[in-house]
Amino acid sequence: ISLDGGNHVGTTSSGNGGDGGTLILNITNGFDINGNIFARGGTADSNNCASNNGIRGDGGVIFITNYNPSIMINGIIDAGPRNTGLCPSGFFSSSSMINVTNLTINESKELRIGGVINASNIIIQGILGPQENNFAVGTAGRRNTTNNLTIIGDVINLTSTGLISGKGASLTASEVNYAGHGAFINITANTFYFDGNITVDAGNHLGGSNQGHGGHAGTLVLSATNSYNVNGYIFARGGTGRGDSCRANTDNRGSGGTLRLFNVNNLVGPMPDASPGGLGACNSGVYSKSEIYAKKILVNATERFLIAGLVNATNITIEGILGPMNNSEKFHNQSMNNKFNFTGQQGGANLTIVADVLNLTGVIHGKARNIPGSFTIFAPKGAFINITANTFYFEGNITVDGGDNSAPGVSGTTGSGGDAGTLILDIKNSFDINGYIF
C-alpha cells in the first residue's frame, strides 16, 4: 500500500516534496503484514534551500484502529520523510495510532512512525520509531516536537535484535543548518524486558570540514511497574559539528539529551550516554537534566556513564567514569565576540548522586571540556556535583576542574581557563579519602 507524497522532478531540479497521505486499517480479525506500507514525504531540490524550494515533504499518518487483532509485521511500514532535498526539513507526524492486542515486529523489519502505539503485548525484534526525523528550518536550533512516540503495553519485550529509534537525521550536504534533533519517546509498561537498544541521538553534520550544526539529542522516558534490568544500550548523544572551524551560525555541537528511567532493578551492563556531540570546533554543547532511579548501578572499569541531573540508587559502584565529563557551553547564533565575557561564564553541568552505599574506585568526572582551538574565549566551567550517601568508600578520584585552553603551556595558543566547579560530600558515616579531589 502506498500513500507517498509526490517527488520533485529529480536531482538539482527545483521543487518541493509533497506530504505523505493517510491510511486507516480497521480489521476485525488478526492479520500479518507481509508487504510494505509507505506514507513517505516526497523528495525536493538537492541543490538549493529556500522558503519555496528544496523543502522535503512530511511523513503521513497511519491508523490501525481495532483493538481485537494481533498483528505481525513482516515488511516495512514507513511514514517518515525522505532524505533528498537540501533543506533539512520533513517530519514524522505525531498523529499515527496503532491499537491492537498483540504487536510483533520481526527481525530486520521496520515500523517507522510517530504517534501512539497501544497493545497488550509488544515484541520488538526489528526497528520501531521515528528514525531519521529532521528539524524545523528557521527555529535556531530549538528542539522540535513533531517526532514524538508513545508506547503503552502490558508486556513489552525489546529483544537483543530490537531497536527503538528516535535518532535525528544527519545532514546530507555542507550547509548552514542543524541536523535533525532526537525524538521524544515515552514508554509505559507493567513488564519491560530490555535486551535491545534505544536511541534518541541527534543527527550529525556531513563530516570533517563540511559546514553544519549537530542536532540536539531527544528525550527518553521509561516507566515500568515491575523493576527491570537494562541489558542494552541507551543513547541520547548530541550531534557533531564542523571540526576545523568555529563560526557561531554554522559549526556548533549538539547538546545531550534527557533520560528519565524509573524503577530500574540492575543497571550493570552497557552504560547510558547522554553527552553532547563529540566533534566540533565550537566550544558548544551541554548536558541536559536526567533522572535515573535504580536499585543497583555498576559502572565497570571500561564503561563511561555520561550524564547530568540525578542518579539515585541503593548501591552504586563506580569502577569506570560517571558524570558530565567534557561539558561545554550553551550558545547558538551568537557572534564570536559576545559568546563569553569576564563576568558571564556558563554555570557548568549539575549532578546529584544519592545512594545508601557508594563505592568509588574509578572517577566521578565533572571536568569541563577544553577549548577545541586557538580562540580568544573562556573555557567552560566545571560541574556542580552533590553526593549524598550513608556509606562512602573513596578509593578513586573526583574532578570538577574547569576547562583549559587548547594547548596549556604552549606559546601562541589563545584562550582563557574556565572556572572550577563545586563538590559537596554529605556522608552519614565517617570515611577516608584515599583518592584525589581536583
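Student: What should I know before I start?
Tutor: The model is predicted: local features need pLDDT of at least 70, side-chain atom pairs count only at pLDDT 80 or more, and totals for chains, interfaces and linings use all residues. Residues are numbered from 1 along each chain as its sequence is written, and side-chain values use heavy atoms, with hydrogens and water left out.

Student: Okay, strand β1. Which residues are on its covered face?
Tutor: Leu-23 and Leu-25. Thr-22 and Ile-24 make up the uncovered face. β1 spans residues 22–25. Strands here are DSSP runs (E, at least two residues), numbered from the N terminus.

Student: How many bridges join β1 to β4?
Tutor: Four, and the two strands run parallel. Two strands pair if DSSP finds at least two bridges between them. β4 covers residues 61–64.

Student: And what stands opposite Leu-25 in β4?
Tutor: Ile-64.

Student: New topic. Where is Asn-106?
Tutor: In the loop between β7 (97–105) and β8 (110–112).

Student: Is Asn-106 buried or exposed?
Tutor: Buried, because its relative accessible area is 16%. Buried means under 20% relative accessible area, exposed over 50%, and partly exposed in between (1.4 Å probe, protein chains only).

Student: What is Asn-106 in contact with?
Tutor: Leaving aside neighbours within four places in sequence, Met-72, Ile-73, Asn-74, Gln-125 and Gly-126. Contact means heavy atoms within 4.5 Å.

Student: How about Asn-52, buried or exposed?
Tutor: Exposed, at 58% relative accessibility. Asn-52 is in the loop between β3 (37–38) and β4. Its C-alpha is 7.8 Å from that of Gly-15, though the two are 37 residues apart in sequence.

Student: Now the inside. How many residues are in the largest nonpolar core?
Tutor: 76. Leu-111 and Ile-297 have the most contacts inside it. A nonpolar core is a set of buried Ala, Val, Leu, Ile, Met, Phe, Trp, Tyr and Cys residues joined through side-chain atoms within 4.5 Å.

Student: What lies apart from it?
Tutor: Another core, of six residues, among them Tyr-287, Leu-306, Met-325 and Ala-349.

Student: Last one. What order do the strands have in the open sheet of four?
Tutor: β19-β21-β23-β25, with parallel pairing. β19 (304–306) and β25 (397–399) stand at the edges, each with a single partner strand, so one side of each has no neighbour in the sheet.

Student: How many bridges pair β19 with β21?
Tutor: Three, in the parallel sense. Arg-304 has Ile-321 in β21 as its bridge partner.
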